[in-house]
Amino acid sequence: MKTISIVTPCYNEEMNVRECYAAIRTLFDNELKGYVREHVFCDNASTDRTVEILREIAAEDKNVRVILNARNFGPMRSNYNGVMAATGDAVLLFFPADMQDPPELIPQFVELWAQGYEVVYGIRKIREENATMRALRQLYYRMLTSLSELSLPRGVGDFQLVDRKVIEAMRMIEDSYPFMRMMTFECGFRSVGVPYKWVERRRGVSRNSLFNLIDQGMNGLVTNTLAPLRLLLFGGFVIAALALAYAFFNLVLGVIYYRTIAQPGIMTIITAVFFFGGVQLFSIGVLAEYVLAIYAQVRRKPVVFERERINF
């Protein structure tokens, strides 16, 4: 019998982990009873009763494995570490404890995997969230897919079932800040998408703050495209060309009207100083993101430091 691994990252999810565990177990007791279940919970140093509940579940069910991080390393690193620890023939990269991605879609993913697809990914066609966040997400992923050299379907997330050979290919990518939803497409392999409805959180509060979302978004851009650097190069060339043209225009104007113009160009100078100052700060910021990515990579730290593993 083949093993299907489900990876669930947790941080202060005491209200959700039992129901999440029960939903997966029910699937494998019914639609997926021909497969062995491995459910990997990755706790990111929760401060509520999440760890206590996970210990109780793991003591009752040896198919549940738990990784306890030494501190909070962020959702993406913790999730990736759990994926690398999974041993299944196929691995569901991300199943949220709050079940915003529907568990009833997993049997369909497994069926498509059994047909020969190495990457089966969910496409969030409908999102139950406020219009502002939905628009910002759509704008970001539209920009990411247009700038990246990879072909990333719109609406795809980490809710993906991938074959063991894809996991081993991902393991070869030494990335200190992995962006998994792009990593699977970077590896290639045969893939298929399944549209679904992404529901709002029913219980508890999301710990993925706006700062974390911005950090993850910047990581996705820096990791998967050089377009920002090239845009700065071409943008600097265009601005320099326009500045030279404007300087030549002022020179001609000054030669013709030098007796009638008093203190010419004062407002132009002020505007130019602020404009070019903003451009320079923006450019330095973009360069800094890439420098920070290089800095993190060359340090070669582990993705996370673990405090304990249970049932491994």
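Modeller: Start with Ile 106, which touches Ile 6, Ile 24, Leu 27, Leu 32, Leu 92, Phe 95 and Phe 159, leaving aside residues up to four places away in sequence; a contact here means heavy atoms within 4.5 Å. A quick word on the ground rules: this is a predicted model, where local features need pLDDT of at least 70, side-chain atom pairs count only at pLDDT 80 or more, and totals for chains, interfaces and linings use all residues. Residues are numbered from 1 along each chain as its sequence is written, and side-chain values use heavy atoms, with hydrogens and water left out.

Back to Ile 106. Together with Phe 95, Val 120 and Leu 161, Ile 106 has the most contacts inside the largest nonpolar core, a set of 39 residues. Such a core is made of buried Ala, Val, Leu, Ile, Met, Phe, Trp, Tyr and Cys residues joined through side-chain atoms within 4.5 Å. Buried means under 20% relative accessible area, exposed means over 50%, and partly exposed is in between (1.4 Å probe, protein chains only). Elements that each supply at least two residues of this core include β1, α1, α2, α4 (106-114) and β6 (156-163); helices (H or I, at least four residues) and strands (E, at least two) are DSSP runs numbered from the N terminus. The largest share, seven residues, comes from α1. Apart from this core lies another, of 30 residues, among them Val 119, Val 166, Phe 179 and Met 183.

Now for the partner of α1. The axes of α1 (residues 17-29) and α2 (residues 50-60) come within 10 Å and cross at roughly 30°; axes are lines fitted to C-alpha atoms, for helices over the stretch in contact, with angles running from 0 to 180 degrees between N-to-C directions. The two helices are therefore roughly parallel to each other, a label for angles under 35 degrees. Val 17, Arg 18 and Tyr 21 of α1 meet Thr 50, Ile 53, Leu 54, Glu 56 and Ile 57 of α2.

Which residues of α2 are buried? They are Thr 50, Val 51, Ile 53, Leu 54, Ile 57 and Ala 58. They cover an arc of only 160° around the axis, which puts them on the same side of α2; the arc is that of the directions from the helix axis to the C-beta atoms. These buried residues pack against β1 (3-10), α1, β2 (36-43), β3 (64-69) and β8 (306-310). The face turned away from the buried side carries the exposed residues Ala 59 and Glu 60.

Methods
Angles under 35 degrees count as roughly parallel, over 145 as roughly antiparallel, 65 to 115 as roughly perpendicular and the rest as oblique.
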